[in-house]
Amino acid sequence: MAYAPLPALDDLSNREWNELTSNLEKTINLCQQLGLLHVYPTKPCPKMHNNWYLGACSTALDECKWRCRTCKSSRSLRKDTFFEDSRLTLQQILDLMMYWCQGLDSHKFIRRNIQILGDATIVDWKNFMRDLCLEYFIRNSVVIGGVNHVVEIDESAWTKRKYHRGRRVGTQWVFGGIDRDTRECFAVLVGRRDPPTLIPLIHQFILPGTTIYSDRWPAYNLINNEIYGPKRYIRQTVNHSVNFVDPITGTKISSNSSDRISRLSNLPSINLNLNDNIGSCTITLITSPLHFFFN
Ligand SMILES: [Zn+2]
């Protein structure tokens, strides 16, 4: 197969994207380039032959299957991939990912442009993509902030799933922050949300001199504590239950998460919705299609 360079997905226009995925063959090709589909199956057939070819199959959703030349057994193109278990077409799934990354994720838009009709399916995929992005940031956290930078921090329960529709593998607390200017983030799994846990993470991931926005969680009162480092940061409290005015820009910040998302970035967010006494909070993270393409 001719191996073209990986397209710079972040910069594509919709016209270019539609061209890249205009038919099934091109879509499969793109998925293989991105590492979302195997170029060749990683496991042999049940009879241990390793003699696969991609053959046409009129009954398969993807119109083709891996077939063993030796014993004629077959295997789904999606076996052991991101797409396994989904009944959506590859084009629908790629479109969902591409549009979601651009914040084009209203159910109305998705129904019209991707022809996914069920609300449950849409919600399910949005959750799945959000989880993948969060996982990306957990694996790729960076040090953020600095003088004249504003960092928002928050923590939330995260229910991780294995693949979309997958069984829940337990609830986990996640602590994270985003630099409003650079959109860089960190996210860390934490066992507890007390000062001895959170303050060292703040010191680890946020540079001194940063203005930190946080909710009124008591642990954050100790950000500038004598023990943990006095006057290390400038701190602003965000009360998520009311609107407040940004002390730097004078901008009114809404506690409504969708308002905050569009104001901050026009990009979809990792919605960390809390159901306890803290209220409903959102950490907004820059989201690129490339965040899906890691192993
Ligand atoms: Zn075989």
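Just after helix α3, Gly 103 adopts a positive phi of about 80 degrees, where helices (H or I, at least four residues) and strands (E, at least two) are DSSP runs numbered from the N terminus. The model is a predicted one, in which local features need pLDDT of at least 70 and side-chain atom pairs count only at pLDDT 80 or more, while totals for chains, interfaces and linings use all residues. Residue numbers start from 1 along each chain as its sequence is written.

Helix α3 itself comprises twelve residues (90–101), which at 1.5 Å a residue should span 16 Å, and its end C-alpha atoms are 17 Å apart, in agreement with that value; the expected span is 1.5 Å times one less than the number of residues. Eleven of the twelve residues of α3 are buried, a residue being buried if 20 or more other C-beta atoms, placed from the backbone, lie within 10 Å of its own, exposed if 12 or fewer do, and partly exposed in between. Among the buried residues are Leu 90, Ile 93, Asp 95, Tyr 99 and Trp 100. The buried residues of α3 pack against α1 (14–20), α2 (24–34), α4 (107–114) and α5 (119–139), with contact taken as C-beta atoms, placed from the backbone, within 7 Å.

Positive phi values also occur in residues other than glycine. Glu 63, in the loop between β1 (52–56) and β2 (64–68), has a phi of about 60 degrees and is partly exposed, with 14 other C-beta atoms within 10 Å. Lys 72, in the loop between β2 and β3 (74–76), has a phi near 70 degrees and counts as exposed because it has 9 C-beta neighbours inside 10 Å.

Conventions:
Two residues are in contact if their C-beta atoms, placed from the backbone, lie within 7 Å.
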